[in-house]
Amino acid sequence: MIAVTYGLIAAWAILVGYVLTLVSREKRLKRELASVKSMLESGQASSRATPAPRD
Amino acid sequence: MREKRLYLLGVLAVALMAYNLTEIAARPLQALFYIPLCGTAALAAVTSLAASIAFLRTRNFRFDSLAVAATEAGLAFLAAGIVNACFLIHAAAGKWWTWDSRLTAALVCWLLYATYLMLRHAVQEPTKRAASTAVWSVFAFLDVPLAVVTIQWWKPAGHLRFDWTQLRFCNLAAMVLLGTLFTVVRMRQEETRREMDSLRRMTHAL
């Protein structure tokens, strides 16, 4: 019975570990997405501000 | 709306697992916990196969996201199932690993799907990456029915016999719900990553 309990705990530990990696990946993705969006917005603003070249 | 559905899936899975926990002491069949774990992994492998074939036919990247999400969730469940089985073997035979047909086939399966994820990291170009991993997923799936058949062909010594009707269906249902939840969350992450890559390309183009 003890081995069964340890086996259950080990299996759950793996699944919980996977959930933790999912959570950390989600946080990292959100952070990266926000930074890319802000980069894109600043890039668009600077391209609008730059005057068109004259011939 | 989608968030609510995800929460509902999670709540259902936890409720089923809580129900199972109340019966652990009374049911020695909890020793066979690796069966719902490996069953969920097999379902994930079927999902990955279907999504990979769908991607190869349509070139729709949503199927690629589904394939990688199902593969990753399935790997986690299979790893949990193998570790759980190792504890049972240790309790029965005093050693942590035996090269019997069940464990070996499960390990080969795990290694094949782990290679799938390694291949994904190795190929940079998105279309080539999705196509090559889809082909690998179809190849890796060949081991899943083989793993089931080997158990029937080469029954190991001390093979546990059990009545399928006695197996707690709730356990399998809870694991499948949990697997679905993991797959959906991981699939959304993959979609977000794809969106981010396209935004990055736009940023470089500016």
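**Figure 1. Confidence and overall make-up of the two-chain model.** Chain B has a mean pLDDT of 83, and 83% of its residues reach 70 or more; pLDDT is the predictor's confidence in each residue, from 0 to 100. Because this is a predicted model, local features need pLDDT of at least 70 and side-chain atom pairs count only at pLDDT 80 or more, while totals for chains, interfaces and linings use all residues. Residues are numbered from 1 along each chain as its sequence is written, and chains are lettered from A and ligands numbered from 1 in the order in which they are written. For the complex, the predictor gives an ipTM of 0.83 and a pTM of 0.85. Chain B has seven helices and zero strands, running α-α-α-α-α-α-α from the N terminus, whereas chain A has one helix and zero strands. Helices (H or I, at least four residues) and strands (E, at least two) are DSSP runs, numbered from the N terminus.

**Figure 2. Where chain A meets chain B.** Here 23 residues of chain A are in contact with 25 residues of chain B. On the side of chain A that touches chain B, the residues divide into 15 nonpolar, four polar and four charged. Ala, Val, Leu, Ile, Met, Phe, Trp, Tyr, Cys and Pro count as nonpolar, Asp, Glu, Lys and Arg as charged, and the others, Gly among them, as polar. Two residues are in contact if their C-beta atoms, placed from the backbone, lie within 7 Å. Buried residues make up 4% of the 55 residues in chain A and 37% of the 206 residues in chain B. A residue is buried if 20 or more other C-beta atoms lie within 10 Å of its own, exposed if 12 or fewer, and partly exposed in between, with C-beta atoms placed from the backbone.

**Figure 3. The largest nonpolar core and Phe77(B).** A nonpolar core is a set of buried Ala, Val, Leu, Ile, Met, Phe, Trp, Tyr and Cys residues joined through C-beta atoms within 7 Å. The largest one has 51 residues, of which Leu37(B), Cys38(B), Ala41(B), Ala67(B), Phe77(B) and Leu78(B) touch the most other members. Two or more residues of this core come from each of helix 1, helix 2 (34-58), helix 3 (61-93), helix 4, helix 5, helix 6 (143-153) and helix 7 (169-205) of chain B. Helix 3 of chain B gives the most, with 16 residues. Have a look around Phe77(B): leaving aside its neighbours within four places in sequence, it is in contact with Leu37(B), Thr40(B), Ala41(B), Ala44(B), Met175(B) and Gly179(B).

**Figure 4. Helix 3 of chain B and the residues beside its ends.** Helix 3 of chain B has 33 residues and reaches 47 Å from its first C-alpha to its last, close to the 48 Å expected at 1.5 Å a residue; the expected span is 1.5 Å times one less than the number of residues. Of these 33 residues, 24 are buried, so helix 3 of chain B is largely enclosed by the rest of the structure. Gly94(B) follows this helix, with a positive phi near 80 degrees. Arg59(B) sits in the loop between helix 2 and helix 3 of chain B, and its phi is near 60 degrees, a positive value in a residue other than glycine. Most residues other than glycine have a negative phi. Arg59(B) is partly exposed, with 13 other C-beta atoms within 10 Å.

Figure 5. The 22 residues of helix 4 (residues 101-122) of chain B should span 32 Å at 1.5 Å a residue, and its end C-alpha atoms are 31 Å apart, which agrees. Its buried residues are Arg102(B), Ala106(B), Cys109(B), Tyr113(B) and Tyr116(B). Seen down the axis of helix 4 of chain B, these residues fall within an arc of 70 degrees, so they line one face of the helix; the arc is that of the directions from the helix axis to the C-beta atoms. The face turned away from the buried side carries the exposed residues Leu111(B), Met118(B), His121(B) and Ala122(B).

**Figure 6. Helix 5 of chain B and Leu56(B).** Buried residues of helix 5 of chain B include Ala130(B), Thr133(B), Ala134(B) and Trp136(B). Leu56(B) lies in helix 2 of chain B and, leaving aside its neighbours within four places in sequence, is in contact with Ala131(B) and Ala134(B). Leu56(B) is partly exposed, with 16 other C-beta atoms within 10 Å.
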